[in-house]
Amino acid sequence: MMAKYGACLFCLSASVATLVQAESLTISSLGNLDLSYVQPQKVASYEGSPLPAQVEILPGNDYWISTPENIQQISFLVGQGQLVTKGQAIVKLTGPEVFHYLAQVEAASSLYQLAKSRYERNKPLLNNGSISAEKWQEISQDYFSTHLEYEHMQHFMEIVKSTDAATDSLVVGTPVAGIVKLNQVNGPYMAGSQLFSLVPSDSIRVKVSVPMSQSHSLSAVNINQCHIAIESVSAIAEGAFVTAWSSPLPQECNLLLGQQITVIPEYQKAVYLLPKNSVFSWEQDSQVFTKTADTLTSITIDILGSTPEQYIVESDQDLSQIQVLSQSVAAVKGIMLGLGGE
């Protein structure tokens, strides 16, 4: 008796296993089920699920301005995040250190001119052997070192708009147009401290982390109906995501540097739109029934996103010329599982 029962149980298990692995059914075997079909709509792009993003500076594109000396007092003439033009006054530096620095600039200029004159005067003497190589090396080193020091100071003086000896102050302007970023609002301002930086408008971008599986097809992001193309995608992964950067932000998007936002990604990829009631789960996969002559065949699809009434899917097969079951899907699945039918 036990042997007979065991044999029957084995037969039942084998039968169910065969049914679960089945992929096709003849339509005639479905009896009087009310069947209807749709033809999937093929589209060239689709919108994915919302992703968190930030408005940031494209790395390495901001322009830093540092103070050349310890400064006693600083007065900013513009506000944080203000858009400024090239040459516009940004900050006033005041204190005895300013007078000291201006004196250093004047001294560096004088020393450089003396060294240059000496260098040019002795160069012909080297050619005719009137001075030794050691003496010429000394003259050359003095010339180049004073030249470098003078040029270093002159770079800062090029953005100085005005000086006032009576108040020991000078006003610094912008070397380029952009958005002002005040990096150290409160002192002390030691030599080398960053006074401010300038962010060119075309360096402000949307930075978004996108799933690696969809990164190659990401083409744009939408923010409150503002469409911004993606310019680059990193080739280095951060977990399951990679970082993408947009093209420069259009002014009409009204986004602020540092703003945290949510974007709708747009993927440039051939996909299909299917009614949600056409899709069913089968052994942890998403599948649909396709019709060929008198046969329904289940095929696996990948769901990439959704709309209120449709799934956005991709498939190894071209679904655009195939009819997909859209009615009585659950009943057909039940029959395929061997749960009975009409």
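This is a predicted model: local features need pLDDT of at least 70, side-chain atom pairs count only at pLDDT 80 or more; totals for chains, interfaces and linings use all residues.
The mean pLDDT is 87, and 92% of residues reach 70 or more. Among the elements, strand E16 (residues 241-246) has the highest mean pLDDT, 96. Helix H1 (residues 2-21) has the lowest, with a mean of 36. Over residues 1-22, pLDDT stays under 50. For residues 1-22 the model has nine contacts beyond four places in sequence.

Aromatic rings were examined next. A pair of aromatic rings is described by the distance of the centres and the angle of the planes. The count comes to ten aromatic pairs. One of them joins Tyr112 and Tyr150, and this pair is stacked. The centres lie 5.2 Å apart, with 10 degrees between the planes. Tyr112 belongs to helix H2 and Tyr150 to helix H3, so the pair links distant parts of the chain, 38 residues apart. Tyr112 has a relative accessible area of 8% and is therefore buried, the cut-off being under 20%. Tyr150, at 16%, also falls under that cut-off and counts as buried.

A second pair, Tyr119 with Phe144, has another geometry. The ring centres of Tyr119 and Phe144 are 5.9 Å apart and the planes stand at 70 degrees, so the pair is edge-to-face. The angle is over 60 degrees, the cut-off for that class. This pair also links distant parts of the chain, with Tyr119 in helix H2 and Phe144 in helix H3, 25 residues apart. Tyr119 is buried at 15% relative accessible area. Phe144 is partly exposed, because its relative accessibility is 44%, a value between the limits of 20% and 50%. Ring pairs join Tyr112, Tyr119, Trp136, Tyr143, Phe144 and Tyr150 into a cluster.

Val105 is another residue of helix H2. Its relative accessibility is 11%, so Val105 counts as buried. Beyond four places in sequence, Val105 touches Met153 and Met157. Ala229 is 124 residues from Val105 along the chain, and the C-alpha atoms of the two are separated by 47 Å.

Rolling a probe the size of a water molecule over the atoms shows where empty space is left. The largest pocket has a volume of about 500 Å³. Its lining holds 16 residues, and Ile179, Ser201, Ile204, Leu255 and Leu256 are the closest to its centre. Strand E11 (residues 178-181) provides the largest share of this lining, three residues. By class, the lining of the largest pocket has ten nonpolar residues, five polar and one charged.

The second largest pocket holds about 290 Å³ of space. This pocket is also lined by 16 residues. Pro68, Tyr101, His152, His155 and Phe156 lie nearest its centre. Strand E5, helix H2 (96-127) and helix H3 (133-157) each supply at least two residues of the lining. The largest share, five residues, comes from H3. The lining of the second largest pocket divides into eight nonpolar, five polar and three charged residues.

The structure holds one cavity of 30 Å³ or more. The largest cavity has a volume of about 40 Å³. Its lining consists of Pro68, Glu69, Ile71, Leu93, Glu97, Val98, Tyr101 and Leu170. Helix H2 gives the most to this lining, with three residues. Six of the lining residues of the largest cavity are nonpolar, none is polar and two are charged.

Thr67 lies in the loop between strand E5 (63-66) and strand E6 (73-76). At 2% relative accessibility, Thr67 is buried, since the cut-off is under 20%. Apart from neighbours within four places in sequence, Thr67 contacts Met190, Ala191, Gly192, Ser193 and Leu195.

Helix H5 spans residues 329-336. The buried residues of H5 are Val329, Val332, Gly334, Ile335 and Met336. Just after this helix, Gly338 takes a positive phi of about 85 degrees.

Technical notes:
Residues are numbered from 1 along each chain as its sequence is written. Side-chain values use heavy atoms; hydrogens and water are left out. Helices (H or I, at least four residues) and strands (E, at least two) are DSSP runs, numbered from the N terminus. Buried means under 20% relative accessible area, exposed over 50%, partly exposed in between (1.4 Å probe, protein chains only). Contact means heavy atoms within 4.5 Å. On a 1 Å grid over the protein atoms alone, a cavity is a set of points where a 1.4 Å probe fits but cannot get out, and a pocket is an open set with protein on both sides within 12 Å along at least five of seven lines; lining residues have an atom within 4 Å of a point. Grid points are joined across faces, edges and corners, and a volume is the space filled by probe spheres set on the points. Ala, Val, Leu, Ile, Met, Phe, Trp, Tyr, Cys and Pro count as nonpolar, Asp, Glu, Lys and Arg as charged, and the others, Gly among them, as polar. pLDDT is the predictor's confidence in each residue, from 0 to 100. Rings of Phe, Tyr and Trp (its six-membered ring) pair if their centres lie within 6.5 Å; planes under 30 degrees apart count as stacked, over 60 as edge-to-face and the rest as tilted.
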